[in-house]
Amino acid sequence: MIFRQCGQSSLRLPALSLGFWHNFGSVDDFQTSRDMMLGAFEAGICHFDLANNYGPVPGSAEETFGRILHTDLSTHRDEMLISTKAGHDMWQGVYGTGSSRKNLIASCDQSLKRMGLDYVDIFYSHRYDGVTPIEETMQALVDIVRSGKALYVGISKYPAPLQQQCYDYLKAHDVPCLVSQYRASMFVQSAQENFDVAKRNGSGIVCFSPLAQGLLTNKYLNGIPADSRAAKPSGFLKTEQVTAERIEAARQLNKIAKERGQSLAQMALAWLLHDERVTSVIIGTSSVAQLNDNLMTLDKLTFSDEELAAINLILQKKDLTM
Ligand SMILES: NC(=O)c1ccc[n+]([C@@H]2O[C@H](COP(=O)([O-])OP(=O)(O)OC[C@H]3O[C@@H](n4cnc5c(N)ncnc54)[C@H](OP(=O)(O)O)[C@@H]3O)[C@@H](O)[C@H]2O)c1
């Protein structure tokens with residue numbers, strides 16, 4: 001595994017992290033989830049990205065993670081970086097969503113219980129909810145660290161001006177923001193300003209949905225397979241997002257990937273890691289074969305100027321952005 005320094009901290013993250021948004025819920029096959037988590041850890045992916053609401057059902061991904069951790073990896077806790085988040089819809093009632101102090105602190109306690117942990121390594125505010133003052137959310141993060149329930153804190157998806165306010169508040173309270181999460185892929189390049197703000201403030205950058213939920217792989221090149229995220233009722237990728245324009249772009253990108261001796265997924269991951277601002281890319285997989293495919297990304301991270309220009313030409317086409 002390749003490790004990268006996480007912002008201005010002593011902590012290093014693996015270039016690839018494993019995400020639990022899909023494929024680790026109570027609706028999924030436990031043995032496959034277990035094989036993927038153990039395979040990832042074996043390959044050096046020691047950073048696991050969770051959130052209170054991951055499932056379905058919400059909370060069940062944390063339960064699956066805790067079950068595997070305690071059954072198979074209990075002696076390895078200190079080799080792992082375990083992240084969780086709060087902010088999206090989780091439990092009934094007005095306090096079960098958003099970025100209030102009430103939601104974050106209760107949620108952190110619930111997540112620790114579900115995973116059977118005393119503390120998480122990184123606790124994130126999952127989103128800006130449009131209502132809660134930044135100071136309230138950030139003070140909740142500070143207090144979670146002070147109470148020993150998290151070692152570090154992070155923010156996810158905050159728009160740039162608010163992102164800066166988060167960094168300023170956290171820094172002033174001696175709990176610097178370790179890491180910032182943004183959606184980023186060849187089809188989603190809207191977080192460039194967020195990357196710059198994070199870098200200027202010494203926060204590491206973690207990218208999520210790096211394969212555009214599967215569109216930047218060979219999965220949809222010949223239609224929507226039954227075992228795909230787009231076809232599953234619980235999948236976040238909608239069939240209407242699998243457009244002719246994106247599939248045509250994926251076909252053209254796939255040609256370049258083949259010339260590089262890579263799968264499209266490997267090239268799309270390498271393309272993100274080529275950006276020196278990026279600390280880690282969180283992959284989501286539904287099989288061990290996908291995990292192994294993605295791990296081979298690390299064999300070739302460099303691009304020639306000609307390859308980058310050819311990729312950019314494809315990505316400039318209309319209607320690709322998600
Ligand atoms: N902070 C946030 O708000 C936020 C939001 C979203 C995600 N995240 C984090 O980021 C993680 C990754 O997001 P994501 O799951 O959307 O990532 P992604 O890599 O864009 O999509 C993963 C999906 O792509 C397909 N895939 C992966 N590798 C493949 C391969 N080698 N060949 C063919 N298909 C492949 C699989 O689809 P199939 O299932 O169809 O096989 C897999 O489920 C999440 O688990 C979560 O931890 C964070």
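**View 1. Strands E4 and E5 in the predicted model.** Strand E4 (residues 47–49) and strand E5 (residues 81–86) run parallel and are joined by three bridges. Strands (E, at least two residues) and helices (H or I, at least four) are DSSP runs, numbered from the N terminus; two strands pair if DSSP finds at least two bridges between them. Phe 48 stands opposite Ile 82 in E5. Residues are numbered from 1 along each chain as its sequence is written. This is a predicted model, in which local features need pLDDT of at least 70 and side-chain atom pairs count only at pLDDT 80 or more, while totals for chains, interfaces and linings use all residues.

**View 2. The barrel.** Eight strands, in the order E3-E4-E5-E6-E7-E8-E9-E10, close into a barrel with parallel pairing.

**View 3. The shell around the ligand.** The ligand is surrounded by 30 residues, and the closest are Gly 19, Trp 21, Phe 208, Gly 214 and Gly 284. A residue is near a molecule if its C-beta atom, placed from the backbone, lies within 6 Å of it. Strand E10 (280–283) and helix H9 (288–295) are the elements that give two or more residues to this shell. H9 gives the most, with three residues.

**View 4. Helices H2 and H3.** The axes of helix H2 (residues 60–72) and helix H3 (residues 101–115) come within 7 Å and cross at roughly 40 degrees. Axes are lines fitted to C-alpha atoms, for helices over the stretch in contact, and angles run from 0 to 180 degrees between N-to-C directions.
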